[in-house]
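User: I would like to learn how to read the surroundings of a ligand and the pairing of strands. Could you take me through them step by step?

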Amino acid sequence: MKLVIAIVQDDDAGDLVDIITENGFRVTKLATTGGFLKAGNTTLMIGVEKEKVDLVLKHIEDVCKVRKQVVSSPSPVAGSTGVYVPYPVEVSIGGATIFVVDVDKFLRV
Ligand code: 2BA
């Protein structure tokens with residue numbers, strides 16, 4: 001058993017959950033926040049048999065798009081000194097950041 005943890009953009013999350021469930025997988029959707037942009041994103045946890053991981057990854061690849069976004073430079077950490085001048089930064093977000101984790105034990109009680 002593996003746990004696929006996929007951090008995706010909110011705009012792709014609905015379609016991805018639909019495709020994953022339509023294909024017989026189970027998924028849990030979490031509302032999360034990226035540490036860099038401090039903006040909302042979505043984390044999906046998908047428990048799946050080892051041999052079906054590639055299928056899940058393919059669904060993620062099919063749905064999740066890379067998007068460019070121009071953002072203001074991140075503000076400095078609290079307590080730092082000096083003048084902060086924000087400047088625009090272009091970042092490419094997603095398609096998806098994916099972790100595939102071994103599951104030692106899987107129980108439904
Ligand atoms: P955020 O941390 O909000 O990052 C959004 C996008 O900003 C990133 O897209 C990347 O293009 C850029 N970015 C992040 N940190 C940066 C930095 N120190 N300098 C310059 N640009 C930076 P993605 O790489 O596609 O990541 C999308 C979201 O996936 C992230 O949102 C974060 O929530 C998650 N993520 C990415 N890598 C991760 C990791 N190694 N561990 C945990 N979460 C991760």
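Analyst: Let us begin with the idea of a polar contact, which is a pair of N or O atoms within 3.5 Å. Please keep in mind that this is a predicted model.

User: Which residues have a backbone N or O atom at such a distance from an oxygen atom of the ligand?

Analyst: A backbone N or O atom of G94 lies 2.8 Å from a ligand oxygen, one of L37 lies 2.9 Å from a ligand oxygen, and one of G35 lies 3.2 Å from a ligand oxygen. Taken alone, the ligand exposes 760 Å², and the protein buries 53% of that area.

User: How should I read the pairing of strands, and in which sense do strand 1 and strand 3 pair?

Analyst: In a regular strand the side chains alternate between the two faces of the sheet. Here strand 1 (residues 2-8) and strand 3 (residues 40-48) pair in the antiparallel sense over seven bridges, with V4 standing opposite I46. Strand 2 (residues 28-33) also pairs with strand 3 in the antiparallel sense, over six bridges, and K29 stands opposite L44. In the hairpin of strand 2 and strand 3, six residues lie between the strands, and K38 takes a positive phi near 55 degrees.

Terms used: Residues are numbered from 1 along each chain as its sequence is written. This is a predicted model: local features need pLDDT of at least 70, side-chain atom pairs count only at pLDDT 80 or more; totals for chains, interfaces and linings use all residues. Side-chain values use heavy atoms; hydrogens and water are left out. A polar contact is a pair of N or O atoms within 3.5 Å; within protein, one must be able to donate a hydrogen and the other to accept it, and residues adjacent in sequence count only if both atoms are side-chain atoms. Accessible areas come from the Shrake-Rupley method with a 1.4 Å probe; for residues, only the protein chains shown count as cover. Two strands pair if DSSP finds at least two bridges between them. Helices (H or I, at least four residues) and strands (E, at least two) are DSSP runs, numbered from the N terminus.
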